[in-house]
Amino acid sequence: MKKLISVLLLLSVLLSVFASCAAGNDGKDDNNSNESKENAVETAENGQKVPNIEKQNYDKDFRMLVYENMKGSWFYAEKSEGEVLNDAIFEMNSNVADQLGIRIKYTDVANVVTGHEQLEMLLPSLKANDDEYQLVVTHPYYNIATFISQSYVKDFSDMPGIDLSRDYWSRDQMEALSLDGKMYMGLGDICSYTLNILYFNKKMLKDVGLEAPYQIVRNGDWTLDEFMRMTEYGYQDLNGDGKNDNKDRYGFACMWDANATSFQQACGIYTLTKDAGGAYKLSLYSDKAETLFEKLKTLCKREQSYIWGYGDSDNKEVNMNFADGNILFTQTFLSKKFQDASFKYGILPLPKYDSAQEQYAHVNWGTLIAIPYTVQDEKMVGEAIELMAFYSNTIVQPAYYENVLGSKVSDTQDDWDMIQLIYDTVVFDPGIAFCDGLPKLWNLVYAYCFAVKNNNKSLSSYYNKNKKAQNEIDELLKQK
């Protein structure tokens, strides 16, 4: 993932003024303001070149179909409200609408139960070939296998107006998801990342005589072994009942679900990778993968740790809240969810497998984007998406990093450095994208979640029950 430091150095200039023209709501037209810029400048304040796209007057709708819980968080805002991230998104929409003469519209996929509601909403349009939607913002795996195998989406590399050489596109990750050289899924700064990381209680760490490992991270020596060593401290049976429960104090505690699987990619192990011929092959199991399983099992099953499953995420009789102050280290997605904690906390990347591993890695469990094959005006759509990607990089991301994460999450330069490192090491596992509808592959994507939580004797026993996932992926891609 490209460096973001150049963006972050000049945020005070970049975020000083927000545009004041509106983007339309569901079924409502955009009301473009005369106060918006008539033409884009040659470069943004961070030195990023503005896409070479001429001002247009397409007088058309550009409608996004966005998976649930995304509205107002990254892709769309109805008006300026004085809230930094909302207003940055509003400015992005306004700039794109003004430059192309389009009306940006938004449809949210609400009331999700099965995960396939987005596809169900899209199918009538695809079958009627009516060009109802121009951009689909997806879940990290629901429906993606169907979109690709059934040729429901277009190739990004063949869209006019989209320049995948620009550093706000994650071309390497898009190529990892490509088939026969065609990039059906988009990844980059236009996407809303969900990245699992580590939080630690600074006071508890000091109380047990440990120093924050920021310099260890910078030296490249923040490894799983080092993390496990630090989490040995902090345990206390607060209620004196002799049992590990959510009333005690722990060195490590967290919900053990999709976030837990992120340790896998952080250690350089992927569920699916491409072979030399471009075919997808299972790559989960190895001696290294078995050792990782043993270490994570040790971490989670020892007295100093406490984990609970997704089913207990709302069960206060079982789960714990890091903000309550009884957890030394926790692992969850990077956000401002603990901003009301009464104590100071720090941020760390997920640990590497060992010091020899080249870099840290944080797998994206957030959104991807796709272009329905029914799109008729490819030039307009390509230009709109390219401009959204550009303004996501120059307006929305800086607002999110600095004014949302920077001020609400981190309170020291060390923590801010860690945030930059995390966002500079985003990766994606193709196994995640293709696992919907493939039960064996889905099991392998969640291997380190289920095998550890269920106390499997070994990763190999779990893997052998699910290795027919290779047949699933082969059969799926034969349909393409």
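Author: Two strands are said to pair if DSSP finds at least two bridges between them. The model discussed here is predicted.

Strand β5 pairs with two partners. Towards strand β9 (residues 327–333), the pairing is in the parallel sense and comprises two bridges. Within this pairing, Phe252 stands opposite Phe329 of β9. Towards strand β8 (residues 305–308), β5 again runs parallel, and four bridges join them. Here Met255 has Trp308 of β8 as its bridge partner. As a general point, side chains in a regular strand alternate between the two faces of the sheet.

The largest nonpolar core holds 162 residues, among which Trp169, Trp256, Ile385 and Phe434 touch the most other members. Helix α12, spanning residues 378–408, gives the most to this core, namely 16 residues. The surroundings of Phe434 can be given in detail: leaving aside neighbours within four places in sequence, Phe434 is in contact with Ala145, Ile148, Leu177, Leu272, Tyr280, Leu441, Ile473, Leu476 and Leu477.

A further buried position is found in a helix. Ser94 lies in helix α3, which covers residues 84–100. Ser94 counts as buried because its relative accessible area is 0%, and the cut-off for that class is under 20%. The C-alpha atom of Ser94 is separated by 9.9 Å from that of Tyr76, a residue 18 residues apart along the chain.

How values were computed: Residues are numbered from 1 along each chain as its sequence is written. This is a predicted model: local features need pLDDT of at least 70, side-chain atom pairs count only at pLDDT 80 or more; totals for chains, interfaces and linings use all residues. Side-chain values use heavy atoms; hydrogens and water are left out. A nonpolar core is a set of buried Ala, Val, Leu, Ile, Met, Phe, Trp, Tyr and Cys residues joined through side-chain atoms within 4.5 Å. Buried means under 20% relative accessible area, exposed over 50%, partly exposed in between (1.4 Å probe, protein chains only). Contact means heavy atoms within 4.5 Å.
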